Amino acid sequence: MTEVPASGPGRRAFVEIRPIATAAGSDARRRGWTRSDRDRTFKLEHWDYDADQISGFDYDIGAILVAAKTVIGEAQLVAALEAWKLRPDQFLHPWQTDDPK
């Protein structure tokens, strides 16, 4: 998760990277294994929020999905981030940000 410039005053925006769970990955986790997957699928979402709504339960009121992309593998992930003018080192754990999700 990283905060990015918002669309205007009174707005805040965030980009999230989320790995998509697979059956093989879930099975490995249940067994206590670590599973490396070169072809892991990632979903990127760029959301723009009403800053006044961000801290409440209704954070999605006035929220706008600016962009979404699904990529396969780390090479495509890095390419997508570069296209969005972002770097992997900008991303933090969600609990380290003000992102409402």
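What share of the contacts in the protein chain with a separation of 6 or more comes from residues 24 or more positions apart? In this predicted model, such residues account for 63% of those contacts.

**View 1. The whole chain and its elements.** The protein chain holds two helices and four strands, and when it is read along the sequence these elements follow the pattern β-β-α-β-β-α. Its C-alpha atoms fill a box of roughly 45 × 30 × 20 Å, taken along the principal axes.

**View 2. The open sheet.** The four strands form an open sheet in the order β1-β2-β3-β4, and their pairing is antiparallel. Strands β1 (2-4) and β4 (64-72) stand at the edges, each with a single partner strand, so one side of each is left without a neighbour in the sheet. From one strand to the next, the twist averages 20°. Strands of a sheet pair through backbone hydrogen bonds, and this pairing can be either parallel or antiparallel.

**View 3. The pairing of β1 with β2.** Strand β1 is joined by three bridges to strand β2, which covers residues 11-19, and the two strands run antiparallel. Within this pair, Glu3 stands opposite Phe14 in β2.

**View 4. Surface, burial and charge.** Of the 101 residues of the protein chain, 28% count as buried, a label that requires under 20% relative accessible area. The protein chain exposes about 6,900 Å², and carbon and sulfur atoms supply 52% of this area. The chain carries 14 positive and 16 negative side chains, and the centres of these two sets lie 8 Å apart.

Key:
Residues are numbered from 1 along each chain as its sequence is written. This is a predicted model: local features need pLDDT of at least 70, side-chain atom pairs count only at pLDDT 80 or more; totals for chains, interfaces and linings use all residues. Side-chain values use heavy atoms; hydrogens and water are left out. Buried means under 20% relative accessible area, exposed over 50%, partly exposed in between (1.4 Å probe, protein chains only). Contact means heavy atoms within 4.5 Å. Accessible areas come from the Shrake-Rupley method with a 1.4 Å probe; for residues, only the protein chains shown count as cover. Lys and Arg count as positive and Asp and Glu as negative; His and the chain ends are not counted. The place of a charge is taken as NZ of Lys, CZ of Arg, CG of Asp or CD of Glu. Two strands pair if DSSP finds at least two bridges between them. Axes are lines fitted to C-alpha atoms, for helices over the stretch in contact, and angles run from 0 to 180 degrees between N-to-C directions.
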